[in-house]
Amino acid sequence: MKKILVTGGAGFIGSHLVRLLVNKYPNYSIFNLDKLTYAGNLENLSDVENQPNYTFIKGDIVNAEFIDQFFKEYKFDAVIHLAAESHVDRSISNPIEFVQTNVLGTVNLLNSSKSIWSESYQDKLFYHVSTDEVYGSLGEDGLFTEDSKYDPHSPYSASKASSDHFVRAYYDTYGMPVIISNCSNNYGSFQFPEKLIPLFINNIVNNKPLPVYGKGENIRDWLWVEDHARAIDVIFHSNKLGETYNIGGHNEWKNIDLIKLMCSIMDKKLMRDEGESQKLISFVKDRAGHDMRYAIDSSKLKKELEWEPSLQFEEGLEKTIDWYLSNEKWLKTVTSGDYRNYYESQYSNRQI
Ligand code: NAD
Ligand code: TDX
């Protein structure tokens with residue numbers, strides 16, 4: 001049985017990936033290593049937790065000694081690395097945590113993989129999941145390709161860029177079999193409601209203000225999370241060692257247009273008068289260093305590995321809204337306790 005370690009599998013994208021791998025590959029043993037930070041939640045995986053090919057282990061990738069022992073014990077054939085601190089706003093208030101988890105944590109995993117694979121790299125793989133934010137910000141035109149230069153602006157993107165460089169350094173220096181993918185903004189079920197789409201769904205439901213940063217003119221390229229998980233599956237099995245793939249939805253939205261669309265869908269779902277939820281929009285102080293536009297050219301992935309997004313955005317957004325509306329208990333659980341303190345400290349000084 002092939003032993004695959006997924007890190008960060010209790011988070012948003014990780015849980016979708018674990019579900020896909022556990023269900024699609026009964027002949028693989030899938031191990032999920034997660035520290036269960038505020039963003040990790042085992043409820044995200046309750047439907048696969050009893051499958052015979054799935055094991056959860058709680059642990060911190062920053063703890064080098066633990067990681068080394070853990071790798072020696074399980075001798076994984078492959079690592080798919082998603083564990084990270086992932087929210088830009090949190091990186092602005094606490095950059096050190098991002099360096100620890102995203103940079104040091106990645107290097108610990110690379111070191112321990114190198115050590116257990118020291119006899120041979122045959123049939124081994126370290127797959128690093130990264131973001132389009134490493135490329136910085138686009139103007140009105142153009143798309144990020146795999147050859148775009150690295151130009152990160154936030155502590156989050158700087159830490160992800162650094163981790164990408166370490167992964168490539170292990171390929172160049174030690175010949176470690178690695179692959180990297182850089183994906184655009186994901187949306188879908190089980191996303192922690194600090195990110196734009198689930199935060200605004202939750203606020204609309206609760207009639208709370210919708211804090212739009214700046215003028216809402218920033219542009220993001222949105223991809224359905226299950227399409228990202230499918231892309232990771234395809235790239236993982238491609239054997240394209242040393243390669244990088246960009247993953248994106250060809251689906252650019254100006255924040256304010258996306259927010260208005262969400263308001264209009266939710267007016268219908270919540271039986272409100274058309275235009276009622278839009279009244280909650282509140283323009284607040286912009287995010288420091290706010291990247292203007294992200295957009296991905298994923299033609300390499302399409303051409304070489306025949307991957308394409310499966311879902312139209314309007315359909316995906318409606319599905320996503322339906323999921324949050326019918327999983328009120330999940331939302332309530334994750335927005336209790338520490339979440340309230342987070343929300344208070346993140347948004348109380350933003351009003352303009
Ligand atoms: P998330 O914040 O929802 O989940 C991160 C997971 O990592 C959580 O389960 C958390 O408990 C775990 N984790 C954090 N620190 C850890 C540590 N020290 N040790 C072990 N586990 C730890 O993040 P996400 O949105 O699912 O993102 C997953 C990966 O994909 C990240 O590497 C992120 O940079 C990347 N990515 C995300 C997006 C996006 O739109 N969300 C887009 C492109 C790339
Ligand atoms: O309250 C808000 N108001 C607002 O206007 C929040 C939380 C966000 N925004 C804006 C900022 C961005 O322009 O919405 C846009 C999307 O914001 P986020 O959901 O925080 O995502 P972003 O900063 O674009 O980063 C995301 O995509 C790339 C993920 O969080 C990263 O993990 C991923 O790598």
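**Reading the model**

Guide: Ala 158 has its place in helix α5. Helices here are DSSP runs of H or I with at least four residues, strands are E runs of at least two, and both are numbered from the N terminus. This is a predicted model, where local features need pLDDT of at least 70, side-chain atom pairs count only at pLDDT 80 or more, and totals for chains, interfaces and linings use all residues. Residues are numbered from 1 along each chain as its sequence is written, chains are lettered from A and ligands numbered from 1 in the order in which they are written, and side-chain values use heavy atoms, with hydrogens and water left out.

Visitor: Why does Ala 158 count as partly exposed?

Guide: Its relative accessibility is 35%. Buried means under 20% relative accessible area, exposed means over 50%, and partly exposed lies in between, with a 1.4 Å probe and protein chains only. So 35% makes Ala 158 partly exposed.

Visitor: What makes α4 and α5 roughly parallel?

Guide: The axes of α4 (residues 95-116) and α5 (residues 155-174) cross at roughly 15° and come within 8 Å. Axes are lines fitted to C-alpha atoms, for helices over the stretch in contact, and angles run from 0 to 180 degrees between N-to-C directions. Under 35 degrees counts as roughly parallel, over 145 as roughly antiparallel, 65 to 115 as roughly perpendicular, and the rest as oblique. The pair is therefore roughly parallel.

Visitor: Which way does α4 pass α5?

Guide: In a right-handed crossing. That term applies if the near helix is turned clockwise from the far one by less than a right angle, and left-handed applies if anticlockwise.

Visitor: Which residues of α4 and α5 meet?

Guide: From α4 they include Phe 98, Val 103, Val 107 and Leu 110. From α5 they include Tyr 156, Phe 166, Val 167 and Tyr 170. Contact means heavy atoms within 4.5 Å. The contact residues of α4 with α5 divide into 11 nonpolar, 6 polar and 2 charged. Ala, Val, Leu, Ile, Met, Phe, Trp, Tyr, Cys and Pro count as nonpolar, Asp, Glu, Lys and Arg as charged, and the others, Gly among them, as polar.

Visitor: Why are α1 and α7 called oblique?

Guide: The axes of α1 (residues 12-24) and α7 (residues 225-236) cross at roughly 55° and come within 9 Å. That angle makes the two helices oblique to each other. α1 passes α7 in a right-handed crossing. Among the residues that meet are Phe 12, Leu 17 and Leu 20 in α1, with Val 225, Ala 229 and Ile 232 in α7. The classes here are 8 nonpolar, 2 polar and 4 charged.

Visitor: Why is α6 called largely enclosed?

Guide: Of its 10 residues, 8 are buried, so the rest of the structure largely encloses α6. Ile 197, Leu 199 and Phe 200 are among them. Asn 207 follows α6, with a positive phi near 55°.

Visitor: Is Phe 190 buried or exposed? And Glu 306, buried or exposed?

Guide: Phe 190 has a relative accessible area of 13%, so Phe 190 is buried. Phe 190 sits in the loop between β7 and α6. Glu 306 is at 72%, so Glu 306 is exposed. Glu 306 belongs to the loop between α9 and α10. Phi is positive at both, near 65° for Phe 190 and about 60° for Glu 306.

Visitor: What makes Tyr 213 count as buried?

Guide: Tyr 213 has 11% relative accessibility, so it counts as buried. Tyr 213 is found in strand β8. Beyond its neighbours within four places in sequence, its contacts include Asp 89, Val 284 and Tyr 347. The C-alpha atoms of Tyr 213 and Val 284 are separated by 5.2 Å, though the residues are 71 apart along the chain.
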